[in-house]
Every structure is written in C-alpha cells, then in structure tokens.
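Let's take a walk through a protein model together. Have a look at the sequence and the 3D view below, and then we'll go from one spot to the next.

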Amino acid sequence: MAVIETAEKLLPVGLRPIGGRTLRMLAAMLTEGGEKAAARRMALTAFSIRILSAALAFISQIVLARLMGEYEYGIFVFVWVLIVVFGDLSCLGFHTAIVRFLPQYKAAGAFDEIRGLTGTARIFAMLSGTVMLAAGMIGLHFFGDRIETYYLVPIFLGLLAMPMIALGDILEGTSRANHWPVMALSPVYIVRPILIIAFMLIAIAMGAEHTAVTAMQAALAATFVTALGQYGATLYRLRRHYDEGPRKIDFLAWLSVAFPIFLIEGVSFLLTNSDVIVVGIFLEPHDVAIYFAAAKTMALVHFINFSVKAASGPRFSSIIAEGDHAQLAAAAADAARWTFWPALGVGLAVLAAGHLLLSLFGGAFTSGYLVMAILLAGILAKSLVGPAETLLMMAGKQNLCVALYAGALAANVGLNLALIPDYGIEGTAVATASAMAVEAILLHVAVRRTLGIALFAFASPSAATPEMRVR
C-alpha cells in the first residue's frame with residue numbers, strides 16, 4: 001500500500017483518481033490468491049510476453065534481412081513459414097486439448113489421467129512430427145525436380161525441425177494448462193528468436209556465408225536447443241507438482257476433442273499465413289522478402305485485436321451463462337468499438353512511419369509501402385466486427401467458425417491465384433485484404449443470424465434484435 005500511495009502522489013493531479021484505481025487493481029491482481037486471480041495474472045503475463053515477442057520478432061527480422069539481403073532473406077522466410085505452419089498443424093490440436101482436459105483432471109484429483117495425458121501428448125507430438133518429416137522427405141525425393149533449386153536445401157534442413165516444433169507446441173499447452181505463462185510462451189516467442197540470431201552471427205563470424213542455408217541451420221539448431229531445454233524444464237516442474245505413479249490413457253476421448261480444435265485452429269492458422277505461402281510459390285524470393293517485411297510491419301496493428309479477444313472471451317462466456325441477452329449485445333458492441341478505433345489510430349501511425357520502418361530492413365524494402373496501406377484496409381475491415389469469432393465460439397458455434405474460416409481461406413487463395421500473375425505482391429495484398437473483408441462480412445451475418453446481434457463498430461447496442469438467441 002505504501003508503494004501504491006507513493007506512486008499515486010507522483011501522478012499528475014488529474015490522473016490520480018483513474019491512476020490510483022488502476023494501480024490498486026494491478027496490485028490486487030498480482031497478490032490475490034485463487035483460480036480467478038491466477039487466470040488474470042496469466043493473461044497479464046501472456047500479453048506482456050506477446051508484446052515483448054512482437055518487438056523482438058520485428059527486430060530479429062530486420063537483423064536477418066540486413067545480414068542476408070532481400071533475395072536470401074526471402075528464401076528463408078518462405079521456408080521458415082512453411083515449416084512452422086506444418087509443424088504446428090502436425091499436433092492435430094493436442095496442444096490445445098491439454099488446456100481443455102488437464103485443469104478438469106486437476107480439479108478432480110485425477111493425477112493418473114494427468115500423467116497419462118501429458119506423457120501421451122508428448123509421444124504423439126514426436127510421432128506426428130516425425131511422420132510429417134518423413135512425408136516431406138518423400139515429397140522432396142519424388143517432386144524435388146519441380147521445386148526451385150534454391151529452396152531444396154533450406155526445406156531439407158527445415159523438415160528436420162518438424163518433431164521439435166510439434167514437441168514445443170505440446171509443452172507450451174502443458175504449461176498453459178498449469179498456469180505457467182512464462183514457461184509456456186518464452187521459449188518459442190523469446191528464446192528461439194534470440195538463439196536464431198545468435199547462432200546466425202556465430203556462424204557468420206566463423207566464416208559461413210550470408211545465405212538462407214546458414215539461416216536455416218541457425219533456425220534448426222535454435223529449435224532443437226529451445227525444445228529440448230523446454231522439455232527438461234517442463235518435465236522437472238511436472239514431477240514437482242505431480243508425483244510419479246500409474247498413468248491412465250484415454251487416447252480416443254482426447255483425440256475426439258483435439259481434432260475439432262485442430263480444424264478450427266488449423267484453418268485459422270492457414271488463413272493467417274496463406275498469403276506468404278502463395279507469394280513464395282508464385283513469385284521470386286525478392287518479392288517474398290518485401291511482402292513479408294510489409295506484412296510483418298503492419299502486423300503490429302493485430303495486437304489490438306489480440307488484446308481485445310483475450311479480454312472479451314471470459315466476459316462473453318460469463319454473460320452467456322447468465323442469459324442476459326441485452327448485456328451480451330452491449331458487450332459485443334463495446335468489443336467491436338474497442339477493436340476498431342485503436343486499430344485505426346495505431347494503423348495510421350504505423351502507416352505514417354511506414355517508409356522509415358521498411359527502410360530498417362534495407363533500401364529495397366520501401367517498395368512495400370503500398371502493400372502496407374492495402375493490408376491496413378483489410379485489417380480495419382476485420383476490426384469492424386471486433387472479436388466476432390470469439391463471441392461465436394463462446395456461444396458454442398465452433399463448427400460454424402470452421403465453415404466461416406474455410407470460406408475466408410478459399411476466398412484468399414482464389415483471389416491470390418487470380419491477382420498475383422498480373423499485379424504481383426500488390427495483388428496478394430488486395431487478395432488478403434479482400435479475404436479479411438469477406439471474413440468480416442461472414443462473421444457479421446453469422447452473429448446476426450445465430451445470436452441476433454448486429455455486431456458492427458458503428459452500431460449501437462439497441463441494434464440487437466428482440467429474437468436474440470444464445471444456445
């Protein structure tokens with residue numbers, strides 16, 4: 001309390017009331033006991049790590065682009081995005097299923113099931129990642145002559161990282177389920193990017209070439225070191241919390257929950273990364289590099305949506321449980337406004353500094369400024385409906401979300417195929433922005449028809465229809 005009172009006195013007089021309340025709320029969040037307080041601390045820690053990781057990722061990409069130049073950097077980012085996408089997908093949703101089951105088992109004192117779940121998930125990740133690795137190697141053997149030669153060695157090296165990427169996802173899910181946010185997020189989002197840069201600099205200092213192959217070797221080494229270190233730390237902490245004993249395995253029950261999650265997250269993940277993949281397939285590495293830098297820079301705006309989604313999910317769930325339809329409509333409208341207006345402000349600020357930010361990657365990257373402007377239009381279109389997908393999932397409409405994401409993904413890929421040949425990376429940006437707009441329209445229609453809420457940043461809560469339904 002003395003620290004809080006001192007901090008309040010240091011604030012300007014006009015800010016003391018709201019500043020004091022914020023400080024006291026933060027202090028309570030950091031010191032209170034109980035499951036609710038732990039969840040709040042985890043959310044705050046997770047958000048802080050994601051903010052730090054975004055800055056770190058941005059800086060690390062600038063360093064890699066400066067070290068390699070746009071051509072080799074384009075090869076690296078295309079291959080690395082492919083490897084991370086398919087490595088994450090290889091878990092088949094088990095990393096999120098752990099978050100679903102482990103807290104339930106812990107509350108019931110079912111430690112046999114916890115030991116069975118965590119152990120089975122780790123083995124499954126290694127096996128599924130290895131299967132993905134083998135499938136990739138077979139594909140390289142039979143279809144390697146159809147792939148550009150400059151991609152072959154980086155893809156080969158990246159495939160070797162598949163099992164470790166899958167294992168890392170499972171370990172992240174295990175830590176999240178136990179409310180260990182630092183252990184959950186810091187390995188992949190902080191430690192691995194730092195190690196990639198460190199290993200790259202060491203390799204170059206030892207005489208290695210400034211190429212995508214060297215970068216992939218650094219990424220492979222960083223992935224193994226991060227995953228194995230995370231494995232040791234997670235296993236040690238699990239043994240401290242759950243004593244050794246028998247394991248009870250219910251694989252089919254776990255898989256039956258994991259697979260629908262895989263469909264939802266998989267389609268969403270593909271939608272997020274499909275533009276970079278399509279650019280890499282149809283255009284030169286130089287174009288991939290410029291597009292990726294522009295997209296990565298404009299992705300800073302996405303953290304508005306991330307933060308609002310993180311805060312809105314529990315609120316939506318609580319209101320739905322209470323059955324207060326009017327309050328749900330008001331909360332949804334608030335979430336849409338809190339997504340759109342900050343996104344507009346941050347987006348315009350990033351766009352204003354666009355030439356400067358892109359120049360940090362290298363002189364050639366400033367040609368991606370138009371791509372940034374087009375992508376911002378898509379981001380703002382999506383932000384008009386706020387965290388609509390979160391609202392649908394909290395209302396039990398997961399299957400509908402899968403269908404909507406699939407429709408947006410099909411629109412993205414189709415528009416990319418139509419626009420890339422004539423318009424290059426600007427065509428990709430238009431396709432991606434248009435797909436975001438399609439996603440926003442589909443989500444708006446779905447929320448209106450299933451929940452009776454006219455979800456729109458400019459709509460008032462009274463726009464909700466009287467026949468609002470929550471099932």
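Start at Lys 248, which counts as partly exposed at 49% relative accessibility; here buried means under 20% relative accessible area, exposed over 50%, and partly exposed in between, using a 1.4 Å probe and protein chains only. A word on what you're seeing: this is a predicted model, where local features need pLDDT of at least 70, side-chain atom pairs count only at pLDDT 80 or more, and totals for chains, interfaces and linings use all residues. Residues are numbered from 1 along each chain as its sequence is written, and side-chain values use heavy atoms, leaving out hydrogens and water.

So what does Lys 248 pair up with? It forms a salt bridge with Glu 113, and their closest N and O atoms are 3.6 Å apart. (A salt bridge is a side-chain nitrogen of Lys or Arg within 4 Å of a carboxyl oxygen of Asp or Glu.) Lys 248 sits in the loop between helix H9 (212–241) and H10, while Glu 113 is in helix H5, so the pair ties together parts that are 135 residues apart in sequence. Helices, by the way, are DSSP runs of H or I with at least four residues, numbered from the N terminus. Glu 113, at 18% relative accessibility, counts as buried.

The structure holds five salt bridges, so let's visit another two of them. Asp 334 and Arg 337 meet with N and O 2.6 Å apart. Both lie in helix H13 (residues 325–352), three residues apart, which is about one turn of the helix. Asp 334 is partly exposed at 26%, and Arg 337 is partly exposed at 25%. Then there's Lys 382 with Glu 389, at 3.3 Å between the closest N and O atoms; both of these residues are buried.

Now back to helix H5 (residues 111–143). Together with helix H6 (residues 149–159), it packs at an angle of about 160 degrees, with the axes 9 Å apart. Axes are lines fitted to C-alpha atoms, for helices over the stretch in contact, and angles run from 0 to 180 degrees between N-to-C directions. That makes H5 roughly antiparallel to H6, a label used for angles over 145 degrees.

Last stop: Leu 92, in the loop between helix H3 (35–89) and helix H4 (94–108). Leu 92 has a positive phi of about 55 degrees although it is not a glycine, and it is partly exposed, with a relative accessible area of 26%.

Methods. Helices (H or I, at least four residues) and strands (E, at least two) are DSSP runs, numbered from the N terminus. Angles under 35 degrees count as roughly parallel, over 145 as roughly antiparallel, 65 to 115 as roughly perpendicular and the rest as oblique.
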